[in-house]
Amino acid sequence: MDQSPASPSPADPSPADPSPADPSPADPSPVPEDAGPTSPDAGPPTPVEPTSERRVAVAFLASTLAALGLAAVYVGGGHPQAEGALLFVALGGLGVGAVQWARLIDDGPVADDRGELAGSDADQDAVEDVVSGDVDVIGRRKLLVRLLLGAVGALGLAALFPIRSLGPSPGSSLERTAWRAGRRLIDGEGRLMRPDTLVVGGTLTVFPEGATRAGDAQVVLVRVRPGLNRPRPGRETWAPEGNLAYSKICTHVGCPVGLYQQDTEELVCPCHQSTFDVLDGARPRFGPATRPLPQLPLAVDAEGYLVAQSDFTEAVGPGYWNRS
Ligand code: FES
C-alpha cells in the first residue's frame with residue numbers, strides 16, 4: 001500500500017488542485033510553519049536570540065573591565081602574573097565577542113522563485129514582525145558597537161602605560177662621558193700612563209682614573225712616531241709625544257674597535273671591518289662607518305702622567321648622533 005502524498009490520486013487528477021506536496025506557482029500555498037526560513041518570501045527570518053547578543057555584550061564588557069584592571073595594576077606598581085591574566089581576558093574577550101557577533105550575521109544570499117506580488121494579511125503581519133524585529137536588532141547592534149569601541153579604547157589606554165617603563169629621558173647625558181679635564185689615564189690594571197709607557201707602534205685600551213667601569217669612556221691609546229700625525233685644525237696639542245687617544249666604540253653600531261694595524265696605521269673594527277686612519281683623526285677609510293672615532297684631547301700633567309684636556313668634544317658611539 002502506497003499512501004505517499006506525492007502520488008496524485010487517480011480520482012482527482014486536476015492540475016488546478018494539486019496536492020500539498022506539489023505546489024503550483026499559480027496557487028502559492030502557505031508555507032508550513034515548520035518549513036524554516038528558506039527565503040525572504042517564505043516567512044520572517046529566524047529572529048536573533050537575545051541570549052546570543054547578550055553573549056557578545058558580556059564578552060566586550062569583560063574585555064573592557066580586564067583592560068581597565070590591567071591599567072590599574074600597572075599604575076599600582078605592576079604584577080606580571082596579574083597583568084598577563086588580565087591581558088589574556090582583555091584580548092580574549094575581544095576575540096570571543098567578535099566571533100559571536102559574526103555568528104549573528106545572516107550569511108545569505110538566499111534566493112527563491114518569485115511568487116505572487118500581492119500578499120495576504122498573514123504575509124503583511126509577518127512583514128511587520130520583521131520590521132519591528134529589525135528595529136530592535138538595530139538598536140541592540142548600536143549598543144554592541146559602543147561596547148566594542150569601549151573595549152578597544154580601554155585596551156588602547158592600558159597599552160599607553162608601559163611607555164612609563166621607558167624610564168626618564170636621558171637628556172644630554174648620552175653626550176657626556178666620565179672624562180674630565182685633568183683626569184688621568186690608567187690601564188686595565190690601574191697603572192697610570194706616561195707619554196713613554198707605550199713604545200712607538202704600541203696600543204692599549206685605557207680608562208679614566210676612578211671610572212674604569214664606564215663603558216662609554218673606553219679609549220684606544222696608540223703611540224705613533226712624532227711628526228707622522230696630521231692633526232686637524234685645533235687639535236695640534238692633543239697628542240703629546242705621539243700619543244693619540246680615540247674612543248673605542250665604533251661609530252657604525254658600537255662594537256669595540258680593538259685591532260690596530262701598525263703597518264697601515266689603522267684601527268679596525270672586527271664586526272664589519274670598518275677601518276679608521278689613526279694619523280688623520282680616525283677618519284673612516286673603509287667599511288660601513290661614516291663618522292670618525294671621536295678623539296680625546298690629551299696632555300701631560302705636572303707629575304708627568306697622561307691626562308685628558310677635557311671630555312670628548314663630540315658624542316661617542318654609533319653614527320645616529322649626526323642624524324638629529
Ligand atoms: S660596528 Fe664597527 S664596523 Fe660595524
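These notebook entries record what I looked up in a predicted model.

**Entry 1. Helix 2**

I began with helix 2, which covers residues 80–104. I then asked which residues of helix 2 are buried. They are Leu86, Ala90, Gly93, Leu94, Gly97 and Trp101. For reading such a list I noted that an α-helix has 3.6 residues a turn, so residues three or four places apart point the same way.

**Entry 2. Strands 1 to 3**

I turned next to the strand pairings. Strand 1 (residues 185–186) pairs with strand 2 (residues 203–208) in the antiparallel sense, over two bridges. Leucine 185 has proline 208 of strand 2 as its bridge partner. Strand 2 also pairs with strand 3 (residues 219–223), again in the antiparallel sense and over four bridges. Here I located threonine 203 opposite valine 222 of strand 3.

In what order do the strands of the open four-stranded sheet lie? I read the order as 5-6-7-8, with antiparallel pairing. Strand 5 (259–261) and strand 8 (283–286) are the edge strands, each pairing on one side only. From one strand to the next, the twist averages 35 degrees. Within it, leucine 259 has valine 268 of strand 6 as its bridge partner.

**Entry 3. Two glutamates with positive phi**

I then checked backbone angles, bearing in mind that most residues other than glycine have a negative phi. Glutamate 241 has a positive phi, near 55 degrees. I placed glutamate 241 in the loop between strand 3 and strand 4 (243–247). Glutamate 265, likewise not a glycine, has a positive phi of about 55 degrees. Glutamate 265 lies in the loop between strand 5 and strand 6.

Are these glutamates buried, exposed or partly exposed? Glutamate 241 has 15 other C-beta atoms within 10 Å and is therefore partly exposed. Glutamate 265 has 19 C-beta neighbours inside 10 Å and so also counts as partly exposed. I noted the cut-off for this step: a residue is buried if 20 or more other C-beta atoms lie within 10 Å of its own.

Definitions and conventions. Residues are numbered from 1 along each chain as its sequence is written. This is a predicted model: local features need pLDDT of at least 70, side-chain atom pairs count only at pLDDT 80 or more; totals for chains, interfaces and linings use all residues. Two strands pair if DSSP finds at least two bridges between them. Axes are lines fitted to C-alpha atoms, for helices over the stretch in contact, and angles run from 0 to 180 degrees between N-to-C directions. A residue is buried if 20 or more other C-beta atoms lie within 10 Å of its own, exposed if 12 or fewer, and partly exposed in between; C-beta atoms are placed from the backbone. The expected span of a helix is 1.5 Å times one less than its number of residues.
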